[in-house]
Amino acid sequence: LQGVTFNVVSPNEASANTVTVSTTGLEIDNSAWSQEVDGIVTGAEVADLNVDGSPEVYVYVRSTGAHAKGSVVAYVANNRKSLSIAYMAPLSDTPGAADGYLGQDEFAVLEGVLGRRFPIHGDDGALTGKTRQMQYKLAAGEAGWILKPDRTSEF
């Protein structure tokens with residue numbers, strides 16, 4: 001996207017799994033970034049959520065535990081020069097977002113946001129039949145990029 005190619009590699013090991021993201025097309029630094037993840041990679045998408053002319057890659061991870069909790073590994077191409085990581089705060093940092101959460105997350109790039117949805121469980125652990133959907137916007141933080149919760153809804 002926008003002259004930048006992302007290569008996402010993971011052995012998808014059941015424990016001690018890693019994700020490595022490398023690029024071509026960045027002007028200064030195409031070094032690979034690697035990090036350990038809690039689970040297996042289920043997908044990846046490239047987008048430019050903040051519409052700044054420099055793409056990002058979003059790698060979706062699902063834990064191998066009983067509840068298959070989801071997470072996102074995201075890297076931002078800074079002015080198409082180098083990569084940096086984008087941080088997604090845990091659900092517990094958003095009031096009410098973790099209520100009834102037991103995993104089974106689905107992630108997708110939507111129009112200008114990163115979408116996340118998951119089924120809501122009752123206090124007894126049973127499904128309520130409702131789904132919580134969250135939208136995250138990519139924003140510049142003090143020391144890097146953050147995926148900031150923008151909207152939460154239930155249906």
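Analyst: A polar contact is a pair of N or O atoms within 3.5 Å; within protein, one must be able to donate a hydrogen and the other to accept it, and residues adjacent in sequence count only if both atoms are side-chain atoms. This is a predicted model, in which local features need pLDDT of at least 70 and side-chain atom pairs count only at pLDDT 80 or more, while totals for chains, interfaces and linings use all residues. Residues are numbered from 1 along each chain as its sequence is written, and side-chain values use heavy atoms, with hydrogens and water left out.

User: What lies 2.9 Å from a polar atom of the side chain of Asp48?

Analyst: The backbone nitrogen of Gly53 does. Asp48 itself is found in the loop between strand S4 (40-47) and strand S5 (56-62). Strands (E, at least two residues) are DSSP runs, numbered from the N terminus.

User: Which residues is Asp48 in contact with, leaving aside its neighbours within four places in sequence?

Analyst: They are Leu1, Gln2, Gly53, Ser54, Pro55 and Glu56, where contact means heavy atoms within 4.5 Å.

User: What makes Tyr60 and Phe107 an aromatic pair, and of which kind?

Analyst: Rings of Phe, Tyr and Trp (its six-membered ring) pair if their centres lie within 6.5 Å; planes under 30 degrees apart count as stacked, over 60 as edge-to-face and the rest as tilted. The whole structure holds three aromatic pairs. For Tyr60 and Phe107 the centres are 5.6 Å apart and the planes make 15°, which is stacked. Tyr60 lies in strand S5 and Phe107 in strand S8 (residues 106-109), so the pair ties together parts that are 47 residues apart in sequence. Both Tyr60 and Phe107 are buried.

User: How do you know that strand S6 and strand S7 pair?

Analyst: Two strands pair if DSSP finds at least two bridges between them. Strand S6 (residues 70-78) and strand S7 (residues 82-88) have five, in the antiparallel sense.

Terms used: Helix = DSSP H or I, 4+ residues; strand = E, 2+ residues; numbered from the N terminus. Buried < 20%, exposed > 50% of the residue type's maximum accessible area, 1.4 Å probe, protein only.
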